[in-house]
Amino acid sequence: MLRIEFSEQDVEQIKRLRYEHPHPKVRRRMEVLWLKSQGLAHWEICQLAGISGNTLRDCLRKFQSGGIRKLMELNFYIPTSELEQHCDRLEAHFRQHPPATINAASVDIEKLTGIKRSPSAVGKFLHSLGMAPRRVGTIPAKADPEKQECFLINKLEPRLEEARRGQRAIFLSMPRTSC
């Protein structure tokens, strides 16, 4: 059993931080220390705090080595991509030459940096740059471009002009796509 002596100042700070600290992990650590300062056995502390014995020992060892300040440190592992080093150059390239597909972007990245990534990783990287895939529509196979142009010039544009002058009301309707 680890024996720890708590000063009055430490106990007051622990008592305050177990409710006031913004991060729940630190609040739990302070709760563990508070229970330890009250003289509870380790198994009782584990049961009341909902932690394992290893977590309890880790918390107590951190307190012994660095005090309350050490317990308030949050060292989370956050992986970073190798592409982050080339972020500015890649963003400038893709802003000037937007890729048509994720696979095209993957090829460009490999040419510019020598780093090969899967299409899903490239998609996530492009999203982190603020780029989104374009949504494109297709022209139906039986569409006649001449008839479309004729409709646009002879029917649609005159009606839109009437609407701008206030002589006509326009209602747009779209077919329902979901139930």
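**Exercise 1. Find which residues on one side of α3 are exposed, then work out what the other side does.**

Start with the exposed side: Trp43, Gln47 and Leu48 of α3 are exposed (over 50% relative accessible area, with buried meaning under 20% and partly exposed in between, using a 1.4 Å probe and protein chains only). Helices here are DSSP runs of H or I with at least four residues, numbered from the N terminus.

Before going on, a word on the ground rules. This is a predicted model, where local features need pLDDT of at least 70 and side-chain atom pairs count only at pLDDT 80 or more, while totals for chains, interfaces and linings use all residues. Residues are numbered from 1 along each chain as its sequence is written, and side-chain values use heavy atoms, leaving out hydrogens and water.

Next, list the buried residues of α3, which spans residues 42-49: they are His42, Ile45, Cys46 and Ala49. Looking down the axis of α3, these buried residues fall within an arc of 100°, so they line one face of the helix (the arc is taken from the directions from the helix axis to the C-beta atoms).

Now see what they pack against: α2 (24-37) and α4 (53-71). Finally, step past the end of α3 to Gly50, which has a positive phi, near 70°.

**Exercise 2. Describe how α2 and α3 pack.**

First, the geometry: the two helices α2 and α3 pack at an angle of about 145°, and their axes are 10 Å apart. Axes are lines fitted to C-alpha atoms, for helices over the stretch in contact, and angles run from 0 to 180 degrees between N-to-C directions.

Then pick out the residues. From α2 come Arg28, Val32, Leu35 and Lys36, and from α3 come His42, Ile45, Leu48 and Ala49 (contact means heavy atoms within 4.5 Å).
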